[in-house]
Amino acid sequence: MEFRRVFRASAITAALILAGCGGDINIVEGDIDNSVTNNGGGTPSPTPTPTPTPTPTQIGEASSFLSAQISTALGQTVAVRSISGRLTDSMADSSGKITLTNDTVWALEGPVFVGNDKADSVTLAIEPGTIIFGRSGADYLVISRGSKIEAEGSASEPIIMTSYQDVIGEQVGAGQWGGLVLLGNAKSNKCPATGDCSLQVEGAAEGAVFGGTDDTDNSGILKYVVVKYAGYEIAPDNELNGITFGGVGSNTEVDYIQVHSNADDGIEFFGGTVQLKHVVLTANQDDSVDWDNGFRGKLQYVYVEQDKSSGDANRGIEADNDGSTPDKEPQSNPMVANMTIIGNNFDGSEDDSEGVYLREGTGAQIYNMVVTGPAGMGECLEVENSTESQANLGDGTITISTSVMGCTNDENFKNAATAVDLENWFLNVQTGNRVTAPMLNADGTPMSNSPLLTGATNMATIDGFFDTTDFIGAVKAGADWRSGWAFGFGGGDIKVVQSASGCPSGTISIAEADGATTTCQVSGRITSNIRLTAGNLYALSGAVFVGNDNADSTTLTIDAGVTLFGASGNDYLVISRGSQINAVGTASMPITFTSLQAVQGMATAAGQWGGVVLLGNAPSNKCPATGACSLQVEGVQEGAVFGGTNEADNSGTLKYVRVMNGGYEIAPDNELNGITFAGIGSGTSVDFIQVHQNADDGVEFFGGTVDVKHLVFTNIQDDNIDWDNGYRGRIQYVLIRQAEDDSDANRGIEADNDGSSPAAEPQSNPTVANVTIIGNNFDGSEDDSEGVYLREGTGAQLANFIITGPSGMGECFEVEDSAESQLNLGDGTITFTNSVMACENGENFKNTATAVNLENWFLNTQTGNAVAADRAAVLNGIFSISTVTPKDFSGETFFDNTDFIGAVKESDNWTAGWTVGLE
């Protein structure tokens, strides 16, 4: 037909534009070979001559209005067909199926039933990559008893059921459409003892019934299916879940499914025996998993993460047998293995974030589960204090084995004084359990030293359904089965050209963060070039990676004036090796990375989000002598690696960029800095950068050769500049001012080569010029305000420094009393010239009696140096007034020749107009 010939051209064009975007929504030709699309990003296979197939019967009605709206949003001509009412066998093709093709976007109009109840049965087939949407809570899809759904997507082309707002790029949220309901003939303990069973399911129209006697009933296939922004309350306790399984039997195949941001439960089982693997449940507003009325299925690999911004949430698992008859048969008693539950801080008037609640007589056989959450989370394990539920703890009806409770709320367990002591039961009656911090990366995978990597039950020895396992929790680093198809993990997004909302391709529109400005969410791993255009706010959701490691190399371009923000320490940006960032602001329109609180006009503080991490291929002295180098960077999830042999490596451009209110400690000595430069080469351009109010270091250089000019550090709570492991770049113009309220601070510069091998090559030995360090009076239990500390064998070529601070400041210059560091003072590996010490604490220099006398070395061995009485002698505010002669850099290609020492002079104030905190 003519339409299909016209559509073929537009579909292929769209596929080429979006090639490589695994898991993204795009429109592809329904009956052509999908290798043309090449969503995996590799070289396309030769396209075989397709075997002619009959054109499926077109169901539904063409909607010119919706076609126009969605075509505009997607930037391509797209057909939209609306389906409503009841689909029956009379509409099927010769194979007995009704097919929703992926060359059409499908709109649900009201309740759409597949088949009548055990009559007019038909199979609804849904092609990989198909988009189905609803526009209200009254729009939902029901698979009746006796009918089937065959929704079999793929990792590169998941089937996505979502809201109209998501498709056209408008503000998304829970409850924007109904959901998916499967009804089967398996048992429920609500069925009558004799006669037929027809139980009305929650949330759907009258006549949507389930239940029977066939525990092996088959309702079809759900595979690589993402359900977003659904859920609808008809009345209290009568709601549509993301996916409802009503009496669904064990021959139904459910694997790789996600429910995201649902207004009720993520998934709920009303009886039945269905078995599931690879389930992702994120940001759901009620329970993530709910079972009732005799559910006896099996689940493996279930990842639950409540809303990262601490929005509405309830329980990771809420489990019941029967409220009126708790010991009713068949008794709910599923097997659950390899589950991760990550709570949040939500505390509502009726519900709050919790872990697992077993009640109303349910049983449960749970293995390899981890439950964790922040301090504001509610209880992490509770069993109802009722006769049946308490008895289940003692007779093996409830077991929990080889699992970890790792909540930080002092409430891993909750029980009444008259009930079983759950902590004792968990640790001493059950087997292999622990209470410990699980040590998870930001994406929920375990760190390399996580306790979740030991002590697991091999589930293949328990039951034939389960896979062989050697870890606790849902997912293992390096084998992330969520990647590429699940929303928030590199897939499940609608990726289009500029949408009607103003959000660019590769982002999605979310609620305005400040109540007025279009806000676009950036998440997962970006594997095609993306530009963050001006006029919008951009929310970093979780760890956002640009490119894979030296693969799928990508450029992130950020327009001048753009603001990006994070809502927690788990939100940060990583530029992978081989990829680049092109963030070029101006003095009047700097690019800003900051916190959600700052965007919303609330009180700001250090540590409100993560930070920015650049990973490159330049050398580090931690690299092996032979073979490839892949060093794990601090503060970032496993797999964020750096290092190599290319000293001229280019990771892009940072110019007029401010990073504020960030920093995050994952563990001691494993923190996110404001900006981390790991193995960054000299081809990278970094100029006019500020880090303000950071909870860890301002910037840290792990090896590399990157050169930097015009740096401002204000209110940094640890070191302002930190370098290690062979850093050999050049730096000029650095203004450091510690907090004027004398709050947390440490060193202006803390510099190392290598702690275990101080003489390791390449040796850290940067050249640093025109630096002003203004300390404060902070004196903590472990750290205090200091100037420059050189240690662990580092070299340094320092010139044109002003170091000053009040009387409560610690030492202003110190070199570690170790063999290598002390030798460096005598052989030219450390030099310090044309500089002035003006600390008011009587401790311009600190050295042990056996070490080099630093004051003599500074004043008499080095050249052009001086000591002044106080700050007023060398600075007017931040501006240099020192009369010390600056170093002559004639012939240098990087350094400017200046007529002043220190960072800035009043007649050439390069900090004006774009920095904060210097007022």
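Reader: What does the accessible surface of the chain come to, and what share of it belongs to carbon and sulfur atoms?
Author: Happy to start there, with a predicted model in which local features need pLDDT of at least 70, side-chain atom pairs count only at pLDDT 80 or more, and totals for chains, interfaces and linings use all residues. Residues are numbered from 1 along each chain as its sequence is written, and side-chain values use heavy atoms, with hydrogens and water left out. Areas come from the Shrake-Rupley method with a 1.4 Å probe, and for residues only the protein chains shown count as cover. The surface of the chain is about 31,100 Å², and the share of carbon and sulfur atoms is 46%.

Reader: Why do the buried residues of H2 line one face of the helix?
Author: Helices (H or I, at least four residues) and strands (E, at least two) are DSSP runs, numbered from the N terminus. H2 covers residues 64–74, and its buried residues are Leu66, Ser67, Ile70, Ser71, Ala73 and Leu74. They line one face because, seen down the helix axis, they fall within an arc (of the directions from the axis to the C-beta atoms) of 160 degrees.

Reader: Which elements do those buried residues of H2 pack against?
Author: On the other side of H2, Ser64 and Thr72 are exposed. Contact here means heavy atoms within 4.5 Å. By that criterion, the partners of the buried residues are strand E2 (79–87), strand E4 (104–114), strand E6 (131–134) and helix H3 (164–168).

Reader: Is Met339 buried or exposed?
Author: Met339 sits in strand E23 (residues 335–342). Leaving aside residues up to four places away in sequence, Met339 touches several others, including Val289, Ile317, Met369 and Ala474. Its relative accessibility is 2%, so Met339 counts as buried.

Reader: How many Å separate the C-alpha atoms of Met339 and Thr850?
Author: Along the chain, Met339 and Thr850 are 511 residues apart.

Notes. Buried < 20%, exposed > 50% of the residue type's maximum accessible area, 1.4 Å probe, protein only.
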